[in-house]
Amino acid sequence: MATAIILIAAAYILGSVPFALVIGKGFYGIDVRKHGSGNIGTTNVFRVLGKFAGTLVFIGDFAKGFIPVFLATRLIEADDAALVSVLTAGAAIAGHNWSILLKGRGGKGVATGGGAIVALVPLIFLVVLAVFWVVLLAGRYVSVASLSAAVTFSVAVIVTNQPRPYIVFALAGAAVIFYAHRANIKRLVRGEENRVTFPWNRK
């Protein structure tokens, strides 16, 4: 029990670390909250600071989900592993979305959730990742790709008969991601959502 509590608490604290601000302000002198969409997630960092900074932030946010959940799957006894791993994943995502270091503000949890999924179900992650990229390449909307990935994960854990805590986590996670993207959804409806520009899209 003590190990589980420590893992969950540590996951929230680690999840709260805003890598976008650490890298943006620490190396570029830029607060990404005041530029672009104002979000502290990977996508806004790519837009504001470029590929290198965006990649570093993605790795950091991804690791926030992967490391604590991976440890939970290894350190907790089999009977409790699924539940504790899911609670740990939820804590990491909650830390990212509602960071104690940012007075309850944060990102949208996609990269951190992706790291958690790799630690929980790596094969399903590959399916989710494939859907994300297919949707992104087809429409060039990161928000639509993220929402599609969340739905895919929920469906995948159900059809592959994963442990019940995984299913609850997938459904709850999808709900959180949809809520975090509510502004994006409104912009999509209005036709105002920004598209990603790939090298082959540039003229």
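Trainee: Which residues does Val-69 touch, not counting residues up to four places away in sequence?

Mentor: Val-69 touches Ser-85, Thr-88, Ala-89, Ala-116, Ala-119 and Leu-120, where contact means heavy atoms within 4.5 Å. This is a predicted model, in which local features need pLDDT of at least 70, side-chain atom pairs count only at pLDDT 80 or more, and totals for chains, interfaces and linings use all residues. Residues are numbered from 1 along each chain as its sequence is written, and side-chain values use heavy atoms, with hydrogens and water left out.

Trainee: Where is Val-69 placed, and is Val-69 buried or exposed?

Mentor: Val-69 lies in helix α4; helices are DSSP runs of H or I with at least four residues, numbered from the N terminus. Its relative accessible area is 0%, so Val-69 is buried (under 20% relative accessible area, 1.4 Å probe, protein chains only).

Trainee: How far apart are the C-alpha atoms of Val-69 and Ala-116?

Mentor: They are separated by 5.9 Å, although the two residues are 47 residues apart along the chain.

Trainee: Turning to α3, which residues are buried there?

Mentor: In α3, residues 42–49, the buried ones are Thr-42, Asn-44, Val-45 and Leu-49. They lie on the same side of α3 because they cover an arc of only 160 degrees around the axis, taken from the directions from the helix axis to the C-beta atoms.

Trainee: What covers them?

Mentor: The cover includes α2 (19–27), α4 (51–75) and α6 (110–120).

Trainee: And what does the side chain of Asn-44 reach?

Mentor: The side chain of Asn-44 reaches the backbone oxygen of Val-32 at 3.2 Å.

Methods: Buried means under 20% relative accessible area, exposed over 50%, partly exposed in between (1.4 Å probe, protein chains only). Helices (H or I, at least four residues) and strands (E, at least two) are DSSP runs, numbered from the N terminus. A polar contact is a pair of N or O atoms within 3.5 Å; within protein, one must be able to donate a hydrogen and the other to accept it, and residues adjacent in sequence count only if both atoms are side-chain atoms.
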